[in-house]
Amino acid sequence: KSMLDAGAPLAGGSDWPVDPLYPWNQVQTAIDRMGLYGEDAPLGIHEAISRRASLRMHTRGTAYQLHQDKQTGTVEVGKLADLVVLDRDVTTIPVSEIKDAVPQLTMVGGAATFDISTSSGRSARRALDAAMATKGAVGRVRHDHLGGRHAGCPCTMAQPESDD
């Protein structure tokens with residue numbers, strides 16, 4: 001919040017693959033400052049930002065940071081349609097539920113790359129849920145059955161399974 005108040009552009013993200021990639025938890029944590037592990041008290045609550053600022057930092061801000069703001073980051077004519085449709089409206093639900101948002105449709109460049117309404121989408125979701133249940137909510141999972149689009153994905157497809 002201090003940086004936002006000073007006029008600095010903010011970009012949301014993670015240290016993936018060092019840390020788990022849970023983008024909706026990251027959006028929520030910027031607002032409630034509670035973190036993935038359900039800490040007892042918010043960390044630096046004075047640095048909490050609004051829901052709108054968090055969503056902006058994780059969309060427009062990240063596109064700006066990556067020098068892709070002419071192509072992505074906002075929904076505008078002429079930009080790539082990199083979109084996600086969620087199972088809930090993260091602009092209106094209680095902040096504590098944002099982390100639980102589940103993608104229903106993902107589009108990259110206007111083409112659907114994941115659609116929960118298809119049999120392959122439902123199968124992929126079941127496999128991911130099973131992997132998450134086995135590995136734990138904060139572990140990396142392997143879901144190479146989802147196809148070749150793994151940029152920014154928490155899977156272990158490109159990395160050997162670790163014993164830790």
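This is a predicted model: local features need pLDDT of at least 70, side-chain atom pairs count only at pLDDT 80 or more; totals for chains, interfaces and linings use all residues.
**Entry 1: burial of H2.** I began with helix H2, which spans residues 23-32. I found that eight of its 10 residues are buried, so the helix is largely enclosed by the rest of the structure. The buried positions are Trp24, Asn25, Gln26, Val27, Gln28, Ala30, Ile31 and Asp32.

**Entry 2: surroundings of H2.** I then asked which elements the buried residues of H2 pack against. They pack against helix H3 (51-58) and strand E1 (83-86).

**Entry 3: the end of H2.** I looked up the backbone just after H2 and noted that Arg33 takes a positive phi of about 60 degrees there.

**Entry 4: salt bridges.** How many salt bridges does the model hold? I recorded a count of four, and I list some of them here.

- I noted a salt bridge between the side chains of Asp5 and Lys1, at 2.9 Å from N to O. Asp5 is exposed, at 55% relative accessible area, whereas Lys1 is partly exposed at 37%.
- I noted a salt bridge between Lys79 and Glu76, whose closest N and O atoms lie 3.1 Å apart. Glu76 is partly exposed, with 45% relative accessibility.
- I noted a salt bridge between the side chains of Lys99 and Asp100, at 3.7 Å from N to O. Lys99 is partly exposed at 39% relative accessible area, and Asp100 is partly exposed at 37%.

Key:
Residues are numbered from 1 along each chain as its sequence is written. Side-chain values use heavy atoms; hydrogens and water are left out. Buried means under 20% relative accessible area, exposed over 50%, partly exposed in between (1.4 Å probe, protein chains only). Helices (H or I, at least four residues) and strands (E, at least two) are DSSP runs, numbered from the N terminus. Contact means heavy atoms within 4.5 Å.
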